[in-house]
Amino acid sequence: MNTKIFIMTHKKIDPPKLSGYVPMLVGSVFHEDDFGYLRDDSGDNISGKNKNYSELTGLYWLWKNERECDALGLCHYRRFFAGSNGGILETAEAERLLSKSDILVPKRAISPVSVRRQYIEKHHEEDLVALTEAIEKEKPEYLKAYNEVMEGNIIFPCNMFIAKRDVFFDYCDFLFPVLFETERRLDISSYDEYAARVYGFLSERLLLAFIKKEGLKYHELSESVSSEKAETVDLIERMSECVRSNDLQGAKALSDEMQEKRPDAFFLEADTSGRLAALTRAVEIRILEEKYNISESILNSNDPNKLIETAKDLKELVKDTASGKRDISGLSKDDISFIAIKVFLDVDPDITSKDKLTLMAALAEEAAKKGDIKRAGVFANAAIAYQA
């Protein structure tokens with residue numbers, strides 16, 4: 001069985017040295033150097049639509065130009081399917097799984113609200129209006145399954161899958177006519193860079209609809225994330241330059257701009273090491289501390305790596321102290337400000353309001369014992385606020 005898994009990438013990578021994995025440069029029409037990878041701008045292609053279709057320009061190329069594989073699939077330059085050995089899925093194992101299934105998909109993503117509501121909260125509602133109309137026109141037989149998916153709370157994310165050849169091509173036969181019709185109906189001229197990747201986002205809601213309608217047998221696989229997202233790494237580097245120059249406002253402006261344009265750079269699966277989150281919080285805290293003339297701070301450093309590690313350690317210290325795993329003494333040091341403690345309390349969804357109140361009250365009592373009435377009052381007021 002000839003199985004190939006195509007690695008969708010927009011930059012030079014270090015691909016896994018496994019049989020059957022093929023790097024593919026998507027949006028290659030915009031790149032002079034292809035690094036020796038397969039390109040998506042030859043033959044029948046939509047490479048020029050990459051900014052709106054993301055990895056789907058590679059999928060389209062495979063649909064129109066690939067002629068050899070018995071089974072084929074997509075993964076990303078930093079996100080792969082995980083095999084049973086804990087490493088990256090090998091094609092031999094994929095073939096064994098496909099002998100009992102029609103398609104291999106990522107572990108399901110479960111939303112606390114409906115798929116429809118979740119999309120509207122993160123993107124533009126008019127996208128779904130155009131998509132529904134497109135399905136009604138191009139593939140009405142899929143409308144029932146699509147509506148079931150949108151009213152449910154499960155999708156298979158990331159536009160990653162591995163399938164037998166006929167299933168792979170049947171999916172493309174469904175997907176692209178629907179997306180092209182959606183494109184004809186949708187005006188995205190006002191969308192920012194993130195929202196403009198609309199057709200990639202919509203397709204994540206269509207894979208399960210296709211599986212449901214066709215009655216396919218699927219097998220879910222865990223993912224193996226090999227590195228931080230390229231945009232995440234780039235932002236850390238640019239913010240670090242600002243920190244070295246003591247330009248905290250510049251670092252914050254870079255972070256705020258990326259939050260607006262590419263919020264996915266901050267997602268857990270993008271910021272795999274937590275470096276961006278730590279640097280962003282450290283910068284935020286230092287700006288507030290400077291505003292209130294707090295000079296003695298554990299986060300007062302122009303070394304971005306030190307700042308990141310200190311922020312990570314402080315976050316864990318706050319969490320462990322709030323949960324009772326550590327005593328109060330670690331947070332009672334003069335160089336750990338009220339601002340730093342409160343920021344890390346408020347950004348951690350796992351710390352309950354009761355635990356926040358208890359921690360602030362304990363810190364107020366500890367400060368009072370040391371005779372630091374001002375610090376005691378700040379923590380006491382915070383405890384009252386959490387109680388309210």
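**Sheet, cores and cross-links in a predicted model**

Seven strands, in the order S3-S2-S1-S4-S9-S6-S10, make up an open sheet of mixed pairing. Its edges are strand S3 (38–39) and strand S10 (218–221), each of which pairs on one side only. The model described here is predicted, and the residues are numbered from 1 along each chain.

Within this sheet, strand S1 (residues 3–9) is mostly covered, with 6 of its 7 residues buried. S1 pairs with strand S4 (residues 71–76) in the parallel sense over 6 bridges, and Phe6 stands opposite Leu74 in S4. S1 also pairs in the parallel sense with strand S2 (residues 21–25), here over 5 bridges. In that pairing, Thr9 stands opposite Leu25 in S2. An antiparallel pairing is found between strand S6 (residues 103–106) and strand S9 (residues 161–164), which are joined by 2 bridges. Leu104 faces Ile162 of S9 across this pairing.

The buried residues of helix H6 (residues 143–151) are Leu143, Ala145, Tyr146, Val149 and Met150. These residues lie on the same side of H6, because they cover an arc of only 160° around the axis. What do the buried residues of H6 pack against? Their partners are helix H4 (115–122), helix H5 (125–138), strand S8 (154–155) and helix H9 (207–214).

Nonpolar side chains tend to be buried together in soluble globular proteins. In this model, the largest nonpolar core holds 62 residues, of which Leu59, Phe168, Phe176 and Leu206 touch the most other members. Helix H7 supplies the largest share of this core, 11 residues. The surroundings of Leu206 can be listed in detail. Apart from neighbours within four places in sequence, Leu206 is in contact with Leu131, Ile135, Tyr146, Tyr171, Phe174, Leu175, Val178 and Leu179. Among these contacts is Tyr146, which is also one of the buried residues of H6.

Which residues is Asp127 in contact with, leaving aside its neighbours within four places in sequence? They are Tyr119, Thr182, Leu186, Tyr191, Val198 and Leu202. With one of them, Tyr191, the side chain of Asp127 makes a polar contact of 2.6 Å. Asp127 and Ile188 are 61 residues apart in sequence, and their C-alpha atoms are 9.1 Å apart in space.

In one of them, the side chains of Glu183 and Lys49 meet at 2.9 Å, N to O. Glu183 lies in helix H7 (residues 165–185) and Lys49 in the loop between S3 and helix H1 (50–53), so this pair ties together parts that are 134 residues apart in sequence. Glu183 is partly exposed, at a relative accessible area of 23%, and Lys49 is likewise partly exposed, at 26%.

A salt bridge of 2.9 Å, N to O, also joins the side chains of Arg79 and Glu223. Because Arg79 belongs to strand S5 (residues 79–81) and Glu223 to strand S11 (residues 223–225), the pair ties together parts that are 144 residues apart in sequence. Are the two partners buried or exposed? Arg79 counts as buried at 9% relative accessibility, since the cut-off for a buried residue is under 20%. Glu223, by contrast, is partly exposed, with a relative accessible area of 30%.

A further pair consists of Lys137 and Glu138, whose side chains meet in a salt bridge of 3.0 Å, N to O. Both partners are partly exposed: Lys137 has a relative accessible area of 48%, and Glu138 has one of 26%. Which residues are linked with Lys137 and Glu138 in a network of salt bridges? The network also contains Glu133, Glu181, Arg184 and Arg185.

Note on methods
Predicted model: local features only at pLDDT ≥ 70, side-chain atom pairs only at ≥ 80, totals over all residues. Heavy atoms only, no water. Buried < 20%, exposed > 50% of the residue type's maximum accessible area, 1.4 Å probe, protein only. Helix = DSSP H or I, 4+ residues; strand = E, 2+ residues; numbered from the N terminus. Arc of directions from axis to C-beta. Contact = heavy atoms within 4.5 Å. Pairing = 2+ DSSP bridges. Salt bridge = Lys/Arg side-chain N within 4 Å of Asp/Glu carboxyl O. Polar contact = N/O pair within 3.5 Å; in protein donor to acceptor, adjacent residues only side chain to side chain. Core = buried A, V, L, I, M, F, W, Y, C linked by side-chain atoms within 4.5 Å.
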